[in-house]
Amino acid sequence: MRLLPRSASRRSFYGEFIVKPVKVGICGLGTVGGGTFNVLKRNAEEIARRAGRGIEVAQIAMRSPNPHCQITGTPTTTDVFEVASNPDIDIVIELIGGYTVARELVLKAIENGKHVVTANKALIAVHGNEIFARAREKGVIVAFEAAVAGGIPVIKAIREGLAANRINWLAGIINGTGNFILTEMREKGRTFPDVLAEAQALGYAEADPTFDVEGIDAAHKLTILASIAFGIPLQFDKAYTEGITQLTTADVNYAEALGYRIKHLGVARSTPAGIELRVHPTLIPSDRLIANVNGVMNAVMVNGDAAGSTLFYGAGAGMEPTASSVVADLVDVVRALTTDPENRVPHLAFQPDSLSAHPILPIQECESAYYLRIQAKDHPGVLAQVASILSERGINIESIMQKEVEEQDGLVPMILLTHRVVEQRINDAIQALEALEGVAGPVVRIRVEHLN
Ligand code: HSE
């Protein structure tokens with residue numbers, strides 16, 4: 001296909017400069033880097049039609065070749081800093097991951113006046129405030145759509161598409177590996193290590209898979225989403241994080257019997273007292289669309305005062321889905337190259353001098369409904385004691401399910417769902433419940449969100 005000729009006036013006004021391709025350097029040719037290279041090559045014409053200029057990969061820094069990429073004629077290096085200092089390069093694409101070298105690389109690129117596109121959620125969540133401040137000083141863009149939910153353009157949607165709204169809350173399944181594990185456990189009864197090994201082989205899991213299963217990766221992404229939704233600085237250190245490693249098949253099945261699915265959910269909610277920022281296993285009513293997001297897929301629900309609830313769904317990881325977001329950022333940067341830095345979309349959606357100091361709430365002050373599983377001795381009066389401990393603390397029981405005595409230990413599983421209550425009260429109640437003579441072992445507590 002031939003490109004339509006540019007209008008004569010535009011060409012004569014800008015001269016040849018405007019039609020020269022923008023030169024980018026890819027740092028890291030792993031899963032996402034390889035995908036980015038291939039998408040840029042395969043869709044070069046389509047991308048140039050959108051961006052207004054071609055995008056040329058002028059250099060690649062890589063530790064080893066990617067068997068999925070055919071690189072011919074593009075200079076390569078093993079030193080990422082060579083790319084950051086290459087005078088020919090306009091945009092550095094950081095896809096090496098991690099916090100340390102990636103931070104140095106991005107700061108070096110900014111210092112050299114280069115725009116940056118990154119897929120690095122850990123880097124943005126932990127060092128984003130510093131990076132954006134330096135980028136503002138130098139008048140360059142740091143774009144990070146690929147850092148959250150892979151191929152879903154959720155950053156752009158919140159930052160630009162929902163710019164009219166006061167965002168009330170958002171909730172997301174934002175770690176594909178964790179969702180894949182929960183789905184396989186529920187649907188096929190597979191074991192945790194078995195499913196994790198498959199996610200690693202598929203290239204979804206983090207280099208350190210505890211980041212996936214302990215909720216750290218999701219907390220990185222949630223930190224970023226909360227910043228652009230509420231106009232607050234990035235505060236990863238204040239996010240509450242609870243993993244999925246302690247979940248049992250018994251709780252997955254009891255939840256199902258009560259009409260819920262357990263998902264590893266990131267929740268950010270704006271309340272008058274502060275902002276809730278939490279990642280934990282969560283019961284969601286099984287008729288919610290988001291409860292039916294399975295496998296490695298991601299979804300983010302955003303509730304705004306004008307738009308109501310919106311749901312963004314798609315592949316949260318993988319070679320080309322993540323590359324799709326990297327390349328979309330590249331197109332945005334190319335379009336903005338000739339704009340005045342003051343008139344660009346702010347990095348964190350809100351003008352930097354308008355960020356709010358609304359605090360992040362500690363988890364004890366967050367509010368949700370709860371699922372409690374109590375292993376009770378088969379005595380008269382235990383249920384009455386449980387009910388009185390909850391009522392003394394103002395905890396309203398929504399429903400209760402008592403199962404038959406379990407043969408192996410003679411205990412009766414008692415499952416309760418509560419109405420919404422501040423976490424501190426549930427902590428107090430659990431302490432009192434565990435002290436009862438009629439209760440054996442720890443009480444299982446899982447938060448419940450109805451998302452309506
Ligand atoms: N490890 C991440 C996941 C990759 O499983 O979702 C994408 O950020």
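Mentor: Let us begin with helix α8, in which 10 of the 13 residues are buried, so the helix is largely enclosed by the rest of the structure. Please keep in mind that this is a predicted model.

Trainee: Which residues of α8 are buried?

Mentor: They are Gly-176, Thr-177, Gly-178, Asn-179, Phe-180, Ile-181, Leu-182, Thr-183, Glu-184 and Met-185. The term buried requires a relative accessible area under 20%.

Trainee: What do the buried residues of α8 pack against?

Mentor: They pack against β7, α9 (192-201), α10 (210-213), β9 and β11.

Trainee: How do you know that the span of α8 is close to the expected one?

Mentor: Helix α8 covers residues 176-188 and reaches 17 Å from its first C-alpha to its last. At 1.5 Å a residue, 18 Å is expected, and the two values are close.

Trainee: What makes Asn-175 a cap of α8?

Mentor: A side-chain oxygen of Asn-175 lies 3.3 Å from the backbone nitrogen of Thr-177, at the N-terminal end of the helix. The cut-off for a polar contact is 3.5 Å, and the 3.3 Å of this pair falls within it. After the helix comes Gly-189, with a positive phi near 65°.

**Strand β7**

Trainee: What is the strand order of the open sheet?

Mentor: The 6 strands follow the order β3-β2-β1-β4-β5-β6, and their pairing is parallel.

Trainee: What makes β3 and β6 edge strands?

Mentor: β3 (76-77) and β6 (142-143) each have a single partner strand, so one side of each is left without a neighbour in the sheet. The partner of β3 is β2 (residues 55-61), joined to it by 2 parallel bridges. Within that pair, Ile-60 has Thr-76 as its bridge partner in β3.

Trainee: How does the span of helix α5 compare with the expected value?

Mentor: The 12 residues of α5, 100-111, reach 17 Å from first C-alpha to last, which is close to the expected 16 Å. The buried residues of α5 are Ala-102, Leu-105, Val-106, Leu-107, Ala-109 and Ile-110. They pack against elements including β1 (22-27), β4 (91-94) and α6 (121-138). Just after α5, Gly-113 takes a positive phi of about 80°.

**Cysteines**

Trainee: Why are Cys-69 and Cys-366 called buried?

Mentor: Cys-69 has a relative accessible area of 10%, and Cys-366 has 3%. Both values are under 20%, so both residues count as buried.

**Arg-288**

Trainee: Where does Arg-288 lie, and what does it touch?

Mentor: Arg-288 lies in the loop between β10 (275-285) and β11. Not counting residues up to four places away in sequence, Arg-288 touches His-450, Leu-451 and Asn-452. Its side chain also makes a polar contact of 3.2 Å with the side chain of Asp-287.

**The protein as a whole**

Trainee: How do you know that the radius of gyration agrees with a compact globule?

Mentor: A compact globule of 452 residues would have a radius of gyration near 22 Å, and the protein has 25 Å, which agrees. The C-alpha atoms fill a box of roughly 90 × 45 × 40 Å along the principal axes. The protein contains 15 helices and 17 strands, and 53% of its residues count as buried.

Technical notes: Residues are numbered from 1 along each chain as its sequence is written. This is a predicted model: local features need pLDDT of at least 70, side-chain atom pairs count only at pLDDT 80 or more; totals for chains, interfaces and linings use all residues. Side-chain values use heavy atoms; hydrogens and water are left out. Buried means under 20% relative accessible area, exposed over 50%, partly exposed in between (1.4 Å probe, protein chains only). Helices (H or I, at least four residues) and strands (E, at least two) are DSSP runs, numbered from the N terminus. The expected span of a helix is 1.5 Å times one less than its number of residues. Contact means heavy atoms within 4.5 Å. A polar contact is a pair of N or O atoms within 3.5 Å; within protein, one must be able to donate a hydrogen and the other to accept it, and residues adjacent in sequence count only if both atoms are side-chain atoms. The radius of gyration is taken over C-alpha atoms; the globule rule is 2.2 Å times the number of residues to the power 0.38. Two strands pair if DSSP finds at least two bridges between them.
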